[in-house]
Amino acid sequence: MAAFSVDTIKCLTGVDLAEHNLPVMVLDSEKEGPAVWLFGALHGDEVNGVEVIHRIFKFFKRQPLKKGKIYALPIANPWGFELRKRENPFDLLDMNRHFPGDPEGSTSERINYAIFKFITETKPTVFVDLHADYIGAIPHIIVDRVKKHAQEVGEKTWEFVNKFGLTASEELEGYETEKSLSAALVNEAKIPAFTVELGGTNVISEPFVRAGVSGIKNILKYLDMVDYPKYWESETKIKTSKRLKLVEYVTCNESGIIKFLVKPGQKVKENKPLAKIKDVLGRTRDIVTAPADCYVIACTDTAVSFPGSFLFLLAAESPKIPESKKPKPSQILACPPKFQRNLQRVDKTWEGETKAEEPLKAEEPLKEPLKEIKTEKESPKEPLKPSKPTK
Ligand SMILES: [Zn+2]
């Protein structure tokens with residue numbers, strides 16, 4: 001059996017003189033071979049990855065590791081994890097936007113520097129960063145955009161991603177690609193790395209955990225580190241001839257209650273309705289349509305919308321989004337940090353091009369009793385077919 005040990009990344013000393021070190025799980029076959037890295041809870045509220053890592057290590061209690069080593073940092077942001085928060089509470093920074101870190105920077109940057117140094121010194125063959133986004137999502141992978149000098153490692157990353165068994169999309173253009181951990185590993189350290197999004201935050205969700213565990217076993221099989229009967233593939237995996245790219249974090253223009261008209265994994269044609277926004281009386285205030293032929297990767301985990309609220313994560317094989325349609329910096333800065341990325345490519349002018357319905361007029365004052373208000377006749381003109389999961 002492989003030898004299990006715990007290493008530590010030294011971070012800082014607290015005011016109570018307690019050492020804040022990050023425990024790294026190490027499984028060593030004691031035979032030369034690949035080094036696979038698993039990483040969880042860099043966003044402290046994204047907990048499914050922790051369970052995934054525990055199960056992978058448990059799996060190897062009864063299964064030999066044929067060669068190489070597996071490293072895992074199950075909780076990369078224990079300070080956020082304990083408070084059930086995404087950010088690092090020391091400086092309220094999103095740690096996954098500050099890699100490769102800085103030994104003289106902010107608290108998060110210093111911690112990130114220590115993490116990044118530790119990881120790169122182990123010379124990983126592949127790095128899997130386990131995150132979570134939405135319960136209303138299919139389990140999926142985000143692959144960073146690579147800089148020109150890192151094209152080769154970018155292709156190597158896709159080689160692993162294609163083996164994982166989940167839908168994968170390339171990151172949004174214009175997003176802070178250099179600063180996530182996986183992007184910094186690919187672009188700065190030339191290490192194949194990608195991000196896996198497994199369900200929602202703050203709860204451990206069995207289907208998403210299983211998807212993560214199965215995908216990692218695929219990678220280990222691909223590297224001949226484990227004897228495993230066959231490659232797993234998620235039934236939610238979207239099959240396309242070309243690589244998918246994230247298209248847009250779709251938003252709405254009205255406050256209200258969101259009624260989703262599509263499901264994660266569904267294929268949608270350009271201009272087709274994705275959701276309607278209803279007011280307190282159940283009347284439709286806004287209809288949100290698809291900006292291009294695309295697939296629904298995620299529906300937001302909220303019932304309430306405000307103008308500019310993020311509603312969907314979409315991906316397409318050939319998104320054609322003109323450069324002129326990027327949002328103004330003020331639109332991005334006006335949003336809470338978690339949703340800043342959602343507005344990277346918001347474009348109000350799409351409204352005119354893509355709205356299937358007439359613009360909604362201001363409502364007349366109510367003249368009739370509430371019971372006579374008809375609310376169900378306002379659905380989009382084209383009947384919506386029941387969605388079926390994309391195979
Ligand atoms: Zn995350």
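What we are looking at is a predicted model, in which local features need a pLDDT of at least 70 and side-chain atom pairs count only at pLDDT 80 or more, while totals for chains, interfaces and linings use all residues. Residues are numbered from 1 along each chain as its sequence is written.

Let me begin with confidence. The pLDDT is the predictor's confidence in each residue, on a scale from 0 to 100, and its mean over this chain is 85, with 80% of the residues reaching 70 or more. Over residues 322-391, however, the pLDDT is below 50, although this stretch has 73 contacts in the model beyond near neighbours in sequence; a contact here requires that the C-beta atoms of two residues, placed from the backbone, lie within 7 Å. Where pLDDT is low, the predicted coordinates should not be read in detail.

Now the overall picture. The secondary structure comes to 9 helices and 16 strands, taken as DSSP runs numbered from the N terminus, with helices being H or I of at least four residues and strands being E of at least two. Of the 391 residues in the chain, 43% are buried, where buried means that 20 or more other C-beta atoms lie within 10 Å of the residue's own, exposed means 12 or fewer, and partly exposed is in between, again with C-beta atoms placed from the backbone. Among contacts between residues at least 6 apart in sequence, 70% join residues at least 24 apart.

Where does the largest nonpolar core lie? That core has 97 residues, and those with the most contacts inside it are Leu-38, Val-128 and Leu-314. Domain 1 (3-222) and domain 2 (244-378) both give residues to this core, so it lies between them. For the terms, a nonpolar core is a set of buried Ala, Val, Leu, Ile, Met, Phe, Trp, Tyr and Cys residues joined through C-beta atoms within 7 Å, and the domain bounds come from an automatic or database domain assignment.

Leaving aside neighbours within four places in sequence, Val-128 is in contact with Trp-37, Leu-38, Phe-39, Phe-194, Val-196, Ile-216 and Ile-219. In strand S5 (126-131), 6 of the 6 residues are buried, with Val-126, Val-128 and Leu-130 on one side and Phe-127, Asp-129 and His-131 on the other. Strand S8 (residues 193-197) is likewise largely enclosed by the rest of the structure, because 5 of its 5 residues are buried.

Two strands count as paired if DSSP finds at least two bridges between them. S5 pairs in the parallel sense with S3 over 5 bridges, where Trp-37 stands opposite Phe-127, and S5 also pairs in the parallel sense with S8 over 5 bridges, where Leu-130 stands opposite Val-196. S8 pairs as well with strand S6 (residues 140-143), in the antiparallel sense over 3 bridges, and there Val-196 is the bridge partner of Ile-141.

Helix H1 packs against this region. The buried residues of H1, which include Val-52, Ile-53 and Ile-56, pack against strand S3 (35-40), strand S4 (69-73), S5 and helix H6 (206-222). At 1.5 Å a residue, taken over one less than the number of residues, the 12 residues of H1 (residues 48-59) should span 16 Å, and the end C-alpha atoms are 17 Å apart, which agrees.

Elsewhere, an open sheet of 4 strands has the order S13-S12-S10-S15 with antiparallel pairing, and its edge strands are S13 (284-289) and S15 (304-305). Strand S10 (residues 256-260) is joined to S15 by 2 bridges, and Ile-257 stands opposite Val-304.

I will close with two residues. The C-alpha atoms of Lys-217 and Ile-56 are separated by 8.0 Å, though the two are 161 residues apart along the chain.

Ala-298, found in strand S14 (residues 294-299), is buried as well, with 24 other C-beta atoms within 10 Å. Not counting residues up to four places away in sequence, Ala-298 touches several others, among them Asp-133, Tyr-134 and Phe-312.
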